[in-house]
Amino acid sequence: MIIRNYIPLPKQTDSEFWTLERIEHIRKLAINGLPTELPRNKNSLRILDKIQFLNIAQDLTNNPKANLQTYVAGIPMSSPLYLGDMSYGALSGNPNIAIAKAAELTETLAGTGEGGLHPEVAKSKRIFVQWASARFGVDIDTLSSGLGIVIKIGQGAKPGIGGHLPGSKVTHPISKARRIPEGIDAISPAPHHDIYSIEDLGQRIEALKEATGKPIFVKVAATNYIPYIASGVARMGASGIIIDGHGAGTGATPEVIRDNLGIPTELAVASADSTLKTEGLREGFTIIAAGRVADALDAAKLIALGADVVSVGTAALVAMGCVMVHKCHIGSCPTALTNKIDGTRDLEVEFGVKSMVNFIRGFSLELANILDNLGISSIQELHGKRDLLFAKGLSRDLIDILGIRGEAEEINPKMGELWNKRRKFHLHELINLGEPVITSMGSVAPPDVETPARIVDWLRVDGAQVTRPSIDPYREEIDTSFLLNRGKVYLSLPVIFDITGSPEEFSRPLRWAALALSSMIFSPETPEGFEDVSFTSDGKGVMTWSYTPSEGKYVIARSLEEAESLSSEKGIPGFILDEDIVGEDLEVLVSELDTKLKDLGIRNKFDIIAKSSKLRDSADVFKLVSLGSDAVIMPYKVLEIAIGEGSKRDLRERAFNLIAGFKKEIALMAGAAGMYGVQSSLTGNREILRAVNLNSYIASKIRVRQAGSL
């Protein structure tokens, strides 16, 4: 089947960044190449959508006057557009060809992504060839193709881990291009094994310059230390940096990584631009902003915040027909963009090229119209003009980080649905597979798309980049174990399941799975035969809890003040902070008690165990541990919700998969953040977290800095 037309857009029943309005706007550009009315995105929680240009006119013409020409490492570009970094393999070949040809026809630039060059793409000269950690299909001839080289350290959809191409998509053409076996998952190492420091990166940059004479760019995910990373990249002689924000699209990634790691590109770009200017490194150094660039208004705002060029990846796929089904990793794309190459479905190259060329021209005309309406004659005049921007609906901290004016608004952190369809589906997949769930395209998770329901939903985890190498969770052992009760009790992961009041059909499998996997169950009474994994009040389990202070028993505190006052009691091994009993946000309770005990110099004498009926998944656990808890008690209903309307057969296996899956997801997040040992490196380590527009008062209470700050 040859795809040469758009297929109808399916109804969107779930939260989605790439809304029907955004997709239809891109399709209009791709059909006629002319400017059209931009989407308004009034109710969006995305930071970039809460930033507007002041006093901008709304005129629209097919012949705008503004000049968009710019230069990247001396390379002239008709418009500041870089066409993604999508690999041959993630895409199905013909889309790669269409993108490369469109870049030549429009005098823009296209990235190839990792994984070797399609022979037809190699004929194009306006390409930047990627040099990623696995070096799939890379040799001197590959590196010498095109106009530049991109050293890929990380990407926004999976900070701290390597590329992932499922084995089902490694067909013969991909095997040949990447020089890998057919049918086997192609998982790149998390770090480059010859780049573990900025100095190592400098050597690679210099070596590639010497070998090819090409300008070298470095692609990184937008993470906590992006200003330091950008500064280091500039000092090491690179021509520029590609900063890929969270929410960026991908062909395959673990969902827990995509939805919880990295920070928005707008904050990263603004922060990196400011630091580079302060250090005298900005002149002649290019910043390419990537991740959820949907239209020319996004591009204009990012350039005003400090970017030189914007990268469009997902938008390019939408221009060629993508309908956002989030199934790229499976290889059965209905629009022949990301399907496996098996001859069943192909994109017509001519249709792809025509759509891409029109999209680029229409996008560029809209950008030029924006400049005209701002009274600006060239794209260079817009660069770094933050005084043109105004924010509404952002916290005062975030407005300061962006360096723009605005009306601050401290948003209620709990607005959304605790259990939405995406979370339920994720857990359902987890209990059936026992492995981290793989997904594709950009994130729909809070706080940008889905409405946050808990404080943790506003928090993002750091992903290690070149200034702090990641630990490869697929090839190296990540220690997720915790020792409780002064080292007497071993947990293979910091998760305990509360089976209090649970029907036997759920408590029985959870007891068995806890025993099999060295986890633990929480209840008033100790089930016979499960003493070694029971945390109970009857004194028969391996750990005991009580509502009153007693030698050797954990105390369920009725308030934070009570827990603090009991810290002088002898013989208490720790405190249980139950959100349902105390009536305050668990994140605040954990962080404040952890801080208080540290201030008193007695933190290591006590365990802090977080408990709530409103906890949902491994990401909640990971973030609560980073705020100061030593273990997290989750409700048995997680298993019940994961099963949903499905069959209740094989519940022992599914409970096993749930706990095993949590363990693997925690290991993935820890490795991506550069941690070998979770208890020693993560507990109370708030520096691993950043808040994304979280209410400034709450962010201060839990002692987590806003994304983009240092």
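## Overall build

Of the chain's 710 residues, 66% count as buried, where buried means under 20% relative accessible area, exposed over 50% and partly exposed in between (1.4 Å probe, protein chains only). Keep in mind that this is a predicted model: local features need pLDDT of at least 70, side-chain atom pairs count only at pLDDT 80 or more, and totals for chains, interfaces and linings use all residues. Residues are numbered from 1 along each chain as its sequence is written, and side-chain values use heavy atoms, with hydrogens and water left out.

Along the principal axes, the C-alpha atoms fill a box of roughly 80 × 55 × 50 Å.

## Contacts and surface

With contact meaning heavy atoms within 4.5 Å, residues 24 or more positions apart supply 69% of the contacts with a separation of 6 or more. The accessible surface is about 24800 Å², and 48% of that belongs to carbon and sulfur atoms (Shrake-Rupley method, 1.4 Å probe).

## Aromatic pairs

The chain has 14 aromatic pairs. Rings of Phe, Tyr and Trp (its six-membered ring) pair if their centres lie within 6.5 Å; planes under 30 degrees apart are stacked, over 60 edge-to-face, and the rest tilted. Take phenylalanine 535 and tyrosine 554: their centres are 5.2 Å apart and their planes at 75°, so the pair is edge-to-face. Phenylalanine 535 sits in strand β25 (residues 534-536) and tyrosine 554 in strand β27 (residues 553-557), 19 residues apart. Both are buried.

Phenylalanine 575 and phenylalanine 606 also have ring centres 5.2 Å apart, but with planes at 35°, so this pair is tilted. Phenylalanine 575 lies in strand β28 (residues 574-578) and phenylalanine 606 in the loop between α19 (586-599) and β29 (607-611), so the pair ties together parts 31 residues apart in sequence. Phenylalanine 575 is buried at 0% relative accessible area, and phenylalanine 606 is buried at 4%.

Ring pairs also join Phe522, Phe535, Trp545, Tyr547 and Tyr554 into a cluster.

How values were computed
Helix = DSSP H or I, 4+ residues; strand = E, 2+ residues; numbered from the N terminus.
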